[in-house]
Amino acid sequence: LTTLTGRIFDGAGAPVADACVELWQASPAASDRFPGWGRCGTDRQGMFHFVTIRPGPLPGRGNTLQAPHLALNILARGILTRLYTRAYFAGEALNATDPLLALVDDPARRASLIARPDGPDGWRLDIRLQGPGESVFIDI
């Protein structure tokens, strides 16, 4: 098992205490023991927390492999539609060739998609909804 924790911040840097974060992953395949998704509300400090199974690589377009990642979407006050992003894992070799990460030229912006180690089997990804340091969101 692995955990993903993080905080959601608004454009002013304040924690978003009323967000809903959904996690989706296609690998490993969903089963009775592993549903492949989860939902978590943020607490007063804007924290969310998931316990899941570390994903593996996925097929991409043109015989490429997508690096292991967790798909996240965020709903919160003032957001009229879901915001989609991903959590990749720091140190993963396939990050260098992942087709989506390759689209993000600015290293600082790309870093907003990379979860950092946070204790044994734990990962941390903070998400900024707008403003300086805004996380990369995906137009789906």
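Strands (E, at least two residues) and helices (H or I, at least four) are DSSP runs, numbered from the N terminus. By that rule, valine 51 belongs to strand E4. The model is predicted, so local features need pLDDT of at least 70 and side-chain atom pairs count only at pLDDT 80 or more, while totals for chains, interfaces and linings use all residues. Residues are numbered from 1 along each chain as its sequence is written, and side-chain values use heavy atoms, with hydrogens and water left out.

**Salt bridges**

- The structure holds five salt bridges, a salt bridge being a side-chain nitrogen of Lys or Arg within 4 Å of a carboxyl oxygen of Asp or Glu.
- One of them joins arginine 82 to glutamate 22, with the closest N and O atoms 2.6 Å apart. This pair links distant parts of the chain, 60 residues apart: arginine 82 is in the loop between strand E7 (69-75) and strand E8 (83-89), and glutamate 22 is in strand E2 (residues 20-24).
- Three words describe cover: buried means under 20% relative accessible area, exposed means over 50%, and partly exposed lies in between (1.4 Å probe, protein chains only). Glutamate 22 is buried because its relative accessibility is 3%, whereas arginine 82, at 31%, counts as partly exposed.
- Another salt bridge is formed by the side chains of glutamate 92 and arginine 54 (3.6 Å, N to O). These two also come from distant parts of the chain, 38 residues apart: glutamate 92 is in the loop between E8 and helix H1 (99-102), and arginine 54 is in the loop between strand E4 (47-52) and strand E5 (58-59).
- Arginine 54 has a relative accessible area of 35%, so it is partly exposed.
- Arginine 124 forms a salt bridge with aspartate 126, and the closest N and O atoms are 2.7 Å apart. Both residues are partly exposed, arginine 124 with a relative accessible area of 27% and aspartate 126 with 34%.

**Strand E2 and its neighbours**

- Four of the five residues of E2 are buried, which leaves the strand mostly covered.
- E2 pairs with strand E3 (residues 37-41) in the antiparallel sense over five bridges; two strands pair if DSSP finds at least two bridges between them. Within this pairing, arginine 39 in E3 is the bridge partner of glutamate 22.
- E2 also pairs with E7, in the antiparallel sense and over five bridges. Isoleucine 74 in E7 stands opposite valine 21.

**Backbone exceptions**

- Most residues other than glycine have a negative phi, and most peptide bonds are trans.
- The peptide bond from serine 27 to proline 28 is cis, with omega near -5°. Proline 28 is found in the loop between E2 and E3.
- Asparagine 63 is not a glycine, yet it has a positive phi of about 65°. It sits in the loop between E5 and strand E6 (65-66), and at 82% relative accessibility it counts as exposed.
- Aspartate 121 is not a glycine either, and its phi is positive at about 60°. It lies in the loop between strand E9 (114-117) and strand E10 (122-124) and is exposed, with a relative accessible area of 56%.

**Aromatic rings**

- The whole structure has three aromatic pairs. Rings of Phe, Tyr and Trp (its six-membered ring) pair if their centres lie within 6.5 Å; planes under 30 degrees apart count as stacked, over 60 as edge-to-face and the rest as tilted.
- Phenylalanine 48 and phenylalanine 50 form a tilted pair, 6.1 Å centre to centre with 55° between the planes. Phenylalanine 48 is buried at 1% relative accessibility, and phenylalanine 50 is buried with a relative accessible area of 6%.
- The rings of phenylalanine 89 and tryptophan 123 have centres 5.0 Å apart and planes at 80°, so this pair is edge-to-face. Because phenylalanine 89 lies in strand E8 and tryptophan 123 in strand E10, the pair ties together parts that are 34 residues apart in sequence.
- Phenylalanine 89 and tryptophan 123 are both buried.
- Arginine 54 lies over the face of phenylalanine 89, at 4.2 Å from the ring centre. A charge sits over a ring if NZ of Lys or CZ of Arg is within 6 Å of the ring centre and within 35 degrees of the ring normal.
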